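Work through the exercises below with the sequence and the structure at hand. Each task is followed by a solution in steps.

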Protein chains: 2
Amino acid sequence: MPGVTQQPQRADARRNVQAILEAAAVCLSRDPDASVAEIARSAGVGRVTLYGHFENRAVLVEAVVVRAIEEGDAALDAVDLSGDAREALARLVRQSWLTVVQVGSLLTAAAEALGPERVLALHERPVSRVERLVDRGRADGVFRSDLPASWLVGTLHRVMHGAAVELDAGRLAPDDAATTITATVLAAFTPPGTPVPAVPDGVAR
Amino acid sequence: MPGVTQQPQRADARRNVQAILEAAAVCLSRDPDASVAEIARSAGVGRVTLYGHFENRAVLVEAVVVRAIEEGDAALDAVDLSGDAREALARLVRQSWLTVVQVGSLLTAAAEALGPERVLALHERPVSRVERLVDRGRADGVFRSDLPASWLVGTLHRVMHGAAVELDAGRLAPDDAATTITATVLAAFTPPGTPVPAVPDGVAR
DNA sequence: TGTAACTCGTACAGCGGTGTTCGACTACGG
DNA sequence: CCGTAGTCGAACACCGCTGTACGAGTTACA
């Protein structure tokens, strides 16, 4: 049994681990209920080998999710969140959308395998990023303060996920997605009594 | 084997069918993967008896969903959709929310067991109701026309479902739900450049 | 009150998933 | 070029689920 707790020592073993992680990401993004056998096959690896590197299905799923979140979060580091909170939100949406499209139904798989609260905990960094932006926007008076901040964050999250669903149902064109999401969220975040902003161009398209 | 195709003839049989349908509604609203055994037990009925009345798990699920949709749709008949489309939307949300809370994760179960397209087909009546209202609002210029109508309808649907999630995660107070949903959707539907309306009071609370 | 309709528990077969064991084989890396 | 870390497939036990079969018991209803 290869190093389940430690890093595997041999080069091919490490390569296999990576292959498994990537295959799992692909499979779980397509089908949240993908079986271990399916993932192993797709990684070009025996099922036994997979169990050699990951104790459980749950452990594997967690590893994949952690990886995906880290990558997504790293990509968000490049986004400029200064200036007008509305424009910053548009930029944030644009980048986040790329991640959301990639991960697909991975989070559904995670929710089933790890429980929703664990998934939420793993999301801590990206979520707090949005929270900070929302708070700033509220302080500046450009985002509404009549609803809980957590609700606004959740709405952003859900609108994006909804766009992913509409996308692969063919009811939303891939090129329109980012703009549509931004337009919707920006409007939803607008304080009552103030006009809904247009989507800043060149940002979300 | 009791009348699987025909109506059962004896009173207790009909009573059992009703009990099963109600128990299934409750169980599936809680857990979309509830087993047949669980449902039967919760209905105070043997598993065999259940299979006497419903060939499949799928058939049972479909029966429950059809029932729930019919009831929900019937309740919507009472809603006044005339006048200002924004106020009509608020009234519609208020009534729809009651149904959404009740059905919980039933639709998730339906999607797994029947496939998303079948579920969508069963929703035809309530969906077209919303579509008509959205179209009217757009014609009157109070709802935005820069996004697909299907997207707006989907957004309404998803915000409601999101509220249900937030609700039983304890992040949203039951009394605030309808108002929060209305405020969010009303804003999301507002055309760019025009002010976001306040939630009409006495309507959503 | 009798009979047909219905229900019950138990037991079974089948399926598809997870996780483990085994022994033989392969290729990495010193 | 050798020892060993790692891999392989096949087989196994186990689980929970669905759907079916049986035979005995109970209840509605005329």
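**Exercise 1.** In this predicted model, find the partner of Glu166(A) in a salt bridge and give the distance between the closest N and O atoms.

Solution. Step 1: the salt-bridge rule asks for a side-chain nitrogen of Lys or Arg within 4 Å of a carboxyl oxygen of Asp or Glu. Step 2: the partner of Glu166(A) is Arg158(B), and the closest N and O atoms are 3.1 Å apart. Step 3: because the cut-off is 4 Å, the pair of Glu166(A) and Arg158(B) at 3.1 Å qualifies. Step 4: the count between chain B and chain A is two salt bridges.

**Exercise 2.** State which helices of chain B supply at least two residues each to the side that touches chain A, and which gives the most.

Solution. Step 1: the helices are α9 (149-168) and α10 (177-189) of chain B. Step 2: α9(B) gives the most, with nine residues. Step 3: by residue class, this side of chain B holds 16 nonpolar, eight polar and four charged residues.

**Exercise 3.** Describe the extent of the contact between chain B and chain A.

Solution. Step 1: chain B contributes 28 residues and chain A contributes 28 residues. Step 2: about 2,200 Å² is buried between the two chains, with carbon and sulfur atoms giving 66% of that area. Step 3: on the side of chain B, the residues that lose the most area to chain A are Trp151(B), Arg158(B) and Val196(B), together 29% of what that side buries. Step 4: polar contacts across the interface, with both residues at pLDDT 80 or more, link 10 residue pairs.

**Exercise 4.** Identify the protein surface near DNA strand D and the elements that supply it.

Solution. Step 1: DNA strand D is surrounded by 24 residues, the closest being Arg10(A), Asn16(A), Thr49(A), Ala11(B) and Arg47(B). Step 2: α1 (11-30) and α3 (47-53) of chain A, and α1 (11-30) and α3 (47-53) of chain B, each supply at least two residues. Step 3: α3(A) gives the most, with four residues. Step 4: the surface divides into nine nonpolar, eight polar and seven charged residues.

**Exercise 5.** Which parts of DNA strand D do His53(A), Ala11(B) and Arg10(B) approach?

Solution. Step 1: an N or O atom in the side chain of His53(A) is 3.1 Å from a phosphate oxygen. Step 2: a polar backbone atom of Ala11(B) is 2.8 Å from a phosphate oxygen. Step 3: an N or O atom in the side chain of Arg10(B) is 3.0 Å from a base oxygen.

How values were computed: Residues numbered from 1 in each chain as written. Chains lettered and ligands numbered in written order. Predicted model: local features only at pLDDT ≥ 70, side-chain atom pairs only at ≥ 80, totals over all residues. Heavy atoms only, no water. Contact = heavy atoms within 4.5 Å. Buried area = accessible area lost by both parts, 1.4 Å probe. Polar contact = N/O pair within 3.5 Å; in protein donor to acceptor, adjacent residues only side chain to side chain. Nonpolar A, V, L, I, M, F, W, Y, C, P; charged D, E, K, R; others polar. Near = heavy atom within 4 Å.
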